[in-house]
Every structure is written in C-alpha cells, then in structure tokens.
Amino acid sequence: MAELRVNPTRMELKKVQARYATARRGHKLLKDKRDELMKKFLDVVREDKDLRTRVEASLSVVHGSFSIAGAVSSPHMLKEALILPKKEGDLSVDFRNVMSVTVPTFSLRVLSEGGSDNYNYGMAFTSGELDAAARELGDLLADLVRLAELEKTAQMLAEEIERTRRRVNALEYILMPRYLETIKTIKMKLEENERGNTTRLMKVKDMMLKATLAERQGTADESEDTVEA
C-alpha cells in the first residue's frame, strides 16, 4: 500500500491522524447508510415480486379473455371496437426522499366520460367476452402504475447502493490503510530521530565529562607541582 508523501514532522502526524479519524467516521456513516439502503431495497423488491406475480397472473387471464373474444368475434369488429380509446388518464409524478435518494411516486387519475364501466365501444355488435376482457384490463391499471413505481425505485436504490459500496470499499481498502501506513512511517522516523538525538546528547555528555575530568586532572597535577616546589 503506497503511503502519502508528507514531511515526517509532528505537525504532519497530527494532520494525518485527523484525516484518518474523519475517514473512520465517514466509513461508519457510509456503512450504516449502505445497510439501511439494503433494507429499503429488499422491502421494495419483495413488494415488487409479489405485485409482479399478481399482475402477470391477471395479464394471463386478460390475454385468455381477449383470445376468447377474438374467437367469437371477427378481427375487423375487434379492431373497430378498440381503435379509439374513450378513457383518458392523468399520470402525475411526485418525488420522495429515501435515504438521500429521490425516488418517483406515480399517481394515475382516470378521466371518464360517463357510464359505469365506460367501454370504448358500443354494446350492439360486441360480445360479452370482450366486455369482460376490457373490464379486467382496466382493473389492472392501478397495479401496473404501482409496479412501474416499484421497478424505478428498486433501480435507483440499487444504483445508490452500488455507489455507496464503492465509497465504503475505497475508504476501507485504500484510503484508511494509506493513512495508517503514513502514520506508522512518520512515527518510525520520529522515533529514529529521537534515538539519534539521544545518541548525540549522550556523546556530547561523554565529551563534556571527559573534558571536565581532564580539566580536573590538570588542576590536580598543577597543585602537586606547586607543593613539590
């Protein structure tokens, strides 16, 4: 792991230690965010799976109803009956925040022109099977809109989870080890400098002690010479 290139001083050591502490706090916050995002994502996926299963089963029933309607009526009649939609819908999109992720919320409002079932065609030349198929398909609109909302939410949460995971890994396996290695290197160099200073001080002390002893020895010799004289 490559270390940071900094001067091995106590000031730089404090700076790197502060950066490491900040990286640790950020790493913990990002891990908590990732875990919470995973919980939200799994909740959305479970709801999406159940709703998709129900919608697919309903669509299969609708397809069967349209197949029966096609069997008892001519293709030309079906085309004329369904070519012009009579209902209009207003799809509004709002947004909500989920763990710093802005996800959409779809709301469908069907604008009817009258009638209870509000079919797109007249009843004179159509079969009851077509009425049932159209009614079943209309009942699926709310579930289809909700399914689209869940699919988009799951996609956006998955993208945010991936981004957060990359940031967590970058802090855990690159940045934090690099700070630790730099701190270790600076401490080693500071300890080496301290040992060098201690060695130099000891040598200076020995030299001063030897000089003092030599001076005392010279003074003693001079005193002996004076006494003999």
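1. Patches are built from residues with over 30% relative accessible area and no salt bridge, joining like charges within 9 Å and nonpolar side chains (Val, Leu, Ile, Met, Phe, Trp, Tyr) within 5 Å. A salt bridge is a side-chain nitrogen of Lys or Arg within 4 Å of a carboxyl oxygen of Asp or Glu. Accessible areas follow the Shrake-Rupley method with a 1.4 Å probe, and for residues only the protein chains shown count as cover.

2. The model is predicted: local features need pLDDT of at least 70, side-chain atom pairs count only at pLDDT 80 or more, and totals for chains, interfaces and linings use all residues. Residues are numbered from 1 along each chain as its sequence is written, and side-chain values use heavy atoms, leaving out hydrogens and water.

3. Leu-59, Leu-91, Val-93, Phe-95, Leu-108, Val-110, Leu-137, Leu-141 and Leu-144 form a nonpolar surface patch of about 720 Å². Two or more of its residues come from each of β1 (88–98), β2 (101–111) and α4 (141–228), and β1 gives the most, with 3 residues. Helices (H or I, at least four residues) and strands (E, at least two) are DSSP runs, numbered from the N terminus.

4. Val-93 lies in strand β1. Val-93 counts as partly exposed because its relative accessibility is 38%, the class between buried (under 20%) and exposed (over 50%).

5. The chain has 4 helices and 2 strands, in the order α-α-β-β-α-α from the N terminus. Of its 229 residues, 23% count as buried. The chain exposes about 16,100 Å², of which carbon and sulfur atoms supply 56%.

Key
Buried means under 20% relative accessible area, exposed over 50%, partly exposed in between (1.4 Å probe, protein chains only).
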